[in-house]
Amino acid sequence: MMILKRASTATLGLAASLSSLAVESKTVEYTFTLRPRRSSAKDPSLSPDCYLDRLMMLVNDEFPGPTFEADVGDVARVMVINESPTDALALHFHGLHMQGFPYMDGTGTVSQCSVGPGQTQVYEFDVLDAGTHYWHGHVSMERTDGFQGPLIVSNPNNEDEKELEAKYDGEATVFLQDWYHMDGHMRRTGLDTNPFIWIGNAQSFLINGGGIFSPCLGDSTEGLSCASDCSAENYIKTIDVEAGKTYRLRIISGVELIGVSFAIKGHKMTVVEVEGTIVEPYEIESLDIMPAQRYSVLVTADQEPGNYWATTSVRYRSTAPTGYINIKYAETPQANLTLDGGDFPTHPTWNETEPTVELENNLFTKNPSSYDDADVLTADPSTIRRIVAVGTQAKDSETGLLRWAMNNVTMTMSTEPLILSAYEAVRAAGAAAWPDTEIPGTVLVPERPPTPWDYTEPVQDSVGEYNGNRGPSYIPLIAGEVVEVVMQNARALNGVPEMHSWHLHGHPFYVVGFGFGTFDEATDPANYNLKNPVRRDTVALLPLGWTAIRFKADNPGAWPFHCTQPSHAMMGMGFNFITSPEKLETPPAGTRSCLENSLTETGAKGATESSGAGGWVTARLQKASAFSAASTAALVFGALHLLL
């Protein structure tokens, strides 16, 4: 069992962040047991959409997984028990920046070794980031099989949060997910084959774990594995409200591929929170939300009592299934819900960019001066490190695989955590000082595209189908520097411009600018919002567009920056930031070698408990001697999950 212990906050330089905490912290404990489950005709209860015979990876047999709740200042202790006989796992707390806890980010082969079959790991850390977040698996495609759930952190002492809480009477979570009937392993296999097999569209769309596979409602279901009780009433979920009351809906996109528009028939919504940031209220009729993004909206039940459909509609892909949830007023008789002739809300067309642009143009941090990193907005331009990252698709000439690359580098992962490689490299005899340290087996990502071109034009017509390099890729950062990343979108090899949703681990960032076409470094920064831009951790990069983010590199460690759409990430769309590894505490024993510490009795017995402020980890890997050949293969797969 690997136990990740919290460090003393006095050693983390977090006095400013924690100075507002007036209440005594408490310890919140959760046990997440992951096991494979499969719905069947004998037990259709696990099916979320009427379709049977789909392998799922569930935590505590819940779908979505259980809600993790805590307050800022709490100590979280999460035990993860892997009862899968074949799958390795890592647990990422998406939205928690793990300031001062770099080994607890939960990213397989970056911050830790993946947890093998039969193993248990305990994460322990201080909760520092308020907001609407979510937890999910971070090895291969595992989160798309059900390994994810809501993560809600409150800040009872924050004045902006208190003011917001006074405006609503209750709250509910709205968890979104596109649902494929082919499990993640099978879809991943198609991405890693030649000829390439794309994952295609999902078969249904789920809200709070409920949806409808529409063919199961047809007159003939011959040849389909459909539940005998299939109906909208049985499978679509409900949110109960009372007339005249206002509700906070925490909308979380656990979606795999598509962006969606979310709307409620007859009701307007007011955006009040974006990924932990309280924003100036902004009223909308529909919400564009991309994969891994989160919003809080206020909705007042101000219509005649009844049942009102809330639905999703696809954004930035031409087709996808619709998601449904029923908003039911109290005292309303239980309706016989049907999708035939339903009174549904309206949505923008799939390729209409104006609603997203309008939303982005009206997201303003309410009180930017309250954040310790707000000085990045007033930094001297000459001191800002600007990185321009262009994402291109390429056919790898050596492997024959279709890949994504950032500045001509395709991201893969090594067999040991990148954070350990950096830690050891900077301390090796004769090593150059950081950031000039050479990390063996890794690839440096250029800070500009090697061959610039008009990014609205096909890449093969400009620089050719070139994949410059592949490997565990990174850009070195120095603690304290201000970093600006301009992400530039480009067409895929088939000529189609896609939407990508990008997430940065370890840091929040400010979205200071965005636009369409090729970013002009001479003129576009003059139009940045440096007064009150939205502060978040996941941002959309629209088709043929660019987005500029700014953050402070104030968290030593190895932090992935990647597309949140798992299929794109598995194809190499991303890289890592490594910040001042010379400042890292001693790594836990379990990161020394993923295979040694996961598969052998020696590795398990050799794991010892550290002590002192830097002793964050106890690695006691259970059942080490009981691993089968299948389990061994699973650990190897977990360690190599991004070797493309």
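Predicted model: local features only at pLDDT ≥ 70, side-chain atom pairs only at ≥ 80, totals over all residues.
Colleague: How many helices and strands does the protein have?

Modeller: Helices (H or I, at least four residues) and strands (E, at least two) are DSSP runs, numbered from the N terminus. Here you get 10 helices and 35 strands.

Colleague: And what share of the residues is buried?

Modeller: Buried means under 20% relative accessible area, exposed over 50%, and partly exposed in between, with a 1.4 Å probe and protein chains only. Of the 644 residues in the protein, 61% are buried. Pro588 is one to click on: at 3% relative accessibility, Pro588 counts as buried, though Pro588 lies in the loop between β34 and α8 (594-599). The C-alpha atoms of Pro588 and Gln112 are separated by 8.8 Å, while the two residues are 476 apart along the chain.

Colleague: What about contacts across the chain: what percentage joins residues 24 or more positions apart?

Modeller: A contact means heavy atoms within 4.5 Å. Among contacts with a separation of 6 or more, 81% are between residues 24 or more positions apart.

Colleague: Let's take a helix. Why is α6 described as largely enclosed?

Modeller: The general idea for helices first: an α-helix has 3.6 residues a turn, so residues three or four places apart point the same way. In α6 (residues 418-427), eight of the 10 residues are buried, so the helix is largely enclosed by the rest of the structure. Those buried residues are Leu418, Ile419, Leu420, Ser421, Ala422, Tyr423, Ala425 and Val426. Their cover includes β33 (557-563) and β34 (574-579).

Colleague: Now strands. Which way do the residues of β26 point?

Modeller: In a regular strand the side chains alternate between the two faces of the sheet. On β26, Ser473, Ile475 and Leu477 point one way, Tyr474 and Pro476 point the other way, and all are buried. Five of the five residues of β26 (residues 473-477) are buried, so this strand too is largely enclosed by the rest of the structure.

Colleague: Which strands does β26 run parallel to?

Modeller: Two strands pair if DSSP finds at least two bridges between them. Strand β24 (residues 443-444) runs parallel to β26, with two bridges, and Leu444 has Tyr474 as its bridge partner there. β26 and β34 are also parallel, joined by four bridges, and Leu477 sits opposite Thr579 in β34.

Colleague: How do I read the order of a whole sheet?

Modeller: Follow the pairing from strand to strand.

Colleague: Last one, holes. How many cavities are there?

Modeller: On a 1 Å grid over the protein atoms alone, a cavity is a set of points where a 1.4 Å probe fits but cannot get out; a pocket is an open set with protein on both sides within 12 Å along at least five of seven lines, and lining residues have an atom within 4 Å of a point. Grid points are joined across faces, edges and corners, and a volume is the space filled by probe spheres set on the points. The search finds eight cavities of 30 Å³ or more. The largest cavity has a volume of about 250 Å³, and 24 residues line it, with His138, Ser140, His562, Ala569 and Met570 closest to its centre.

Technical notes:
Residues numbered from 1 in each chain as written. Heavy atoms only, no water.
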